[in-house]
Amino acid sequence: DIPLHIVNISAQGFMAQGSVSMSRGERVTVRLPKVGRIEAHLIWVAEGRGGFQFERIIRPDDFFQLIDVLQPNPRLRKSR
């Protein structure tokens, strides 16, 4: 297990901040709400940040559900 703090996410990948002790090309498997397990590989590292690209693009409907779950401001969440 590798602790990663995801600070930015898109349907194509994510950026993690903190101690990214990996090299370009290494792969991780992450578990995301509404998406499940998905593999990503590290494509860049700079100044305590790392950019990861998912093995596949997350489908738009799954991505919007993911963002709804992760939204920190309850007023901006979709009503359920």
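The structure is a predicted model, in which local features need pLDDT of at least 70 and side-chain atom pairs count only at pLDDT 80 or more, while totals for chains, interfaces and linings use all residues. Residues are numbered from 1 along each chain as its sequence is written, and side-chain values use heavy atoms, with hydrogens and water left out.

**Overall fold**

- Along the sequence, the elements follow the pattern β-β-β-β-β-α.
- Of the 80 residues in the protein, 31% are buried; buried means under 20% relative accessible area, exposed over 50%, and partly exposed in between (1.4 Å probe, protein chains only).
- The accessible surface comes to about 5,700 Å², and carbon and sulfur atoms account for 49% of it; such areas come from the Shrake-Rupley method with a 1.4 Å probe, and for residues only the protein chains shown count as cover.
- Contacts are defined by heavy atoms within 4.5 Å. Among those between residues at least 6 apart in sequence, 43% join residues at least 24 apart.

- In soluble globular proteins, nonpolar side chains tend to be buried together.
- The largest nonpolar core contains 17 residues, of which Phe14, Val30, Leu32, Phe52, Phe54 and Ile58 touch the most other members. Two or more residues of this core come from each of β2 (13-17), β3 (27-32), β4 (36-46), β5 (49-54) and α1 (60-70).
- A nonpolar core is a set of buried Ala, Val, Leu, Ile, Met, Phe, Trp, Tyr and Cys residues joined through side-chain atoms within 4.5 Å.
- Setting aside neighbours within four places in sequence, Phe54 contacts several residues, including Phe14, Val30, Leu32 and Ile38.
- The buried residues of α1 are Asp62, Phe63, Leu66 and Asp68, and their cover includes β1 (5-9) and β3.

**Largest pocket**

- The volume of the largest pocket is about 280 Å³.
- Its lining consists of Asp1, Ile2, Leu4, Ile6, Val28, Thr29, Val30, Arg31, Leu32 and Arg37. Strand β3 supplies the largest share, five residues.
- By type, the lining divides into six nonpolar, one polar and three charged residues.
- On a 1 Å grid over the protein atoms alone, a pocket is an open set of points where a 1.4 Å probe fits, with protein on both sides within 12 Å along at least five of seven lines; lining residues have an atom within 4 Å of a point.

**Individual residues**

- Val28 is found in strand β3 and counts as buried because its relative accessibility is 10%. Beyond neighbours within four places in sequence, Val28 is in contact with Ile2, Met22, Ile38, Glu39, Ala40 and Phe52.
- The C-alpha atoms of Val28 and His41 are separated by 6.2 Å, although the two are 13 residues apart along the chain.
- Asn8, in strand β1, is partly exposed at 45% relative accessible area. Not counting residues up to four places away in sequence, Asn8 touches Gly13, Phe14 and Met15.
- Lys34 lies in the loop between β3 and β4 and is exposed at 52% relative accessibility. Its phi is near 70°, a positive value in a residue other than glycine.
- Glu47 lies in the loop between β4 and β5 and is exposed, with a relative accessible area of 76%. Glu47 is not a glycine, yet has a positive phi of about 45°.

Methods
Helix = DSSP H or I, 4+ residues; strand = E, 2+ residues; numbered from the N terminus. Points joined across faces, edges and corners; volume = space filled by probe spheres on them. Nonpolar A, V, L, I, M, F, W, Y, C, P; charged D, E, K, R; others polar.
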